[in-house]
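Please look at the sequence and the structure before reading on.

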Amino acid sequence: MTKKIAVLPGDGIGTEIVAEAIKVLDFINSDMALDLEFEYGLIGGAAYDEYATPFPEQSLALAKAADAVILGAVGGYKWEALDISVRPEKGLLGLRSELQLFANLRPAILYPQLADASTLKPEVVAGLDIMIVRELTGGIYFGQPRGIRVLDNGERQGYNTLVYSESEIRRIAHSAFQIAQKRSRRLCSVDKANVLECTELWRQVMIETGKQYPDVELSHMYVDNAAMQLVRAPKQFDVMVTTNMFGDILSDTAAMLTGSIGMLPSASLDANNKGMYEPIHGSAPDIAGKGIANPLATILSAAMMLRYTFDCSDAAERIEAAVNCALDANNRTADIYSTGMQKVSTVQMGDAVISALRGN
Ligand code: NAD
């Protein structure tokens, strides 16, 4: 059956890195007869220039009709002065909420060849491979009531609400358990159940849902300890699942363990594993148009798409192995370059991945 992919390159380096990811997908598509079909649309600043909105109807329709979305990045100097309602980022946020992408998957992988890029000691991080599953559409970032009010004594008071319904917790729990099943079958749920009733419920629902996944070992950790353990001994984790705000903070911490923003992919999934796949970095306007951006985060996002939306783990593994080979052959874009390596352009890095794919 045809697998429809909406391709939204966006702005800045978005177009350059997405071109390389599609080049890799094109190769694997014909090599493994995957029946992938691509259709392109505009989002962010590029869409604003064409349609006076960063989130045009056509792009939403395209994304809704597709099985998966590949997105580059949005934003840039050119659109910074626009009213907030039409800034490029609105396109991205609109897409996430329209598609109800509640499960955000952020792997933190450190390729052994890049162990020196981390600020942590190589022995602490070499071979790191963690998956953080963050709840993306609920919790304190969306809870009502919220605001800043003036009290009777004239003092201002800011307030937000941490709220999760049982069904919201259950659906992210299912996603996380199923992801753990595709990896090493260990899941650590991160909460603050000793202080926050809302996450006491989180823990209860995780335990209840876990009964349906007896093959996955579930553990629990308070968020303060999890933050400490991520920096102290990150390799103890495999899959972590947590709330929107805790996940926001922990996934950035985990990303920094790897020290290379151009290498990290991400996925955001709905209840049926339809997903949007994008690198974690932005549109990098400082290097856009120079042909030096690292396309590997986007290529690895495409591999995640094959694994999580299309259940083609063998194709995903081939791409991931090819990225490894390209690094083994000393190919480095400027952001991960070190002395003695071969400095390559965006296109050359894409070519190196394809030539590794040809070889295995
Ligand atoms: P950024 O991630 O775009 O760039 C941060 C630094 O990392 C820059 O020096 C950049 O050159 C470098 N970098 C990023 N990706 C790289 C890659 N693939 N290869 C090599 N170097 C890379 O973050 P920023 O500078 O804070 O934001 C720039 C623009 O991107 C802003 O408009 C921001 O709003 C937007 N943004 C978009 C997204 C998204 O689309 N998901 C995420 C973050 C920021």
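**Domains and helix packing**

About 860 Å² of area is buried between domain 1 and domain 2, and carbon and sulfur atoms give 63% of it. Buried area is the accessible area (1.4 Å probe) that two parts lose on being put together, summed over both. This is a predicted model, in which local features need pLDDT of at least 70 and side-chain atom pairs count only at pLDDT 80 or more, while totals for chains, interfaces and linings use all residues. Residues are numbered from 1 along each chain as its sequence is written, and side-chain values use heavy atoms, with hydrogens and water left out.

- Eight residues of domain 1 are in contact with twelve residues of domain 2, where contact means heavy atoms within 4.5 Å.

**Helices H1 and H12**

- Helix H1 (residues 14-32) packs against helix H12 (residues 346-359) at an angle of about 15 degrees, with the axes 9 Å apart.
- That angle makes H1 roughly parallel to H12 (angles under 35 degrees count as roughly parallel, over 145 as roughly antiparallel, 65 to 115 as roughly perpendicular and the rest as oblique).
- Axes are lines fitted to C-alpha atoms, for helices over the stretch in contact, and angles run from 0 to 180 degrees between N-to-C directions.
- Helices (H or I, at least four residues) and strands (E, at least two) are DSSP runs, numbered from the N terminus.
- Residues making this contact include Val24 and Phe27 of H1 and Val353 and Leu357 of H12.

**Helices H11 and H12**

- Helix H11 (residues 313-328) and H12 pack at about 115 degrees, with their axes 8 Å apart.
- Among the residues that meet are Ile319 and Ala322 in H11 and Met349 and Ala356 in H12.

**Backbone details in loops**

- The peptide bond from Gln144 to Pro145 is cis, with omega near 0 degrees.
- Pro145 is placed in the loop between strand E5 (129-135) and strand E6 (147-150).
- Gln100 is not a glycine, yet its phi is positive, at about 55 degrees.
- Gln100 lies in the loop between helix H4 (88-98) and strand E4 (103-109).
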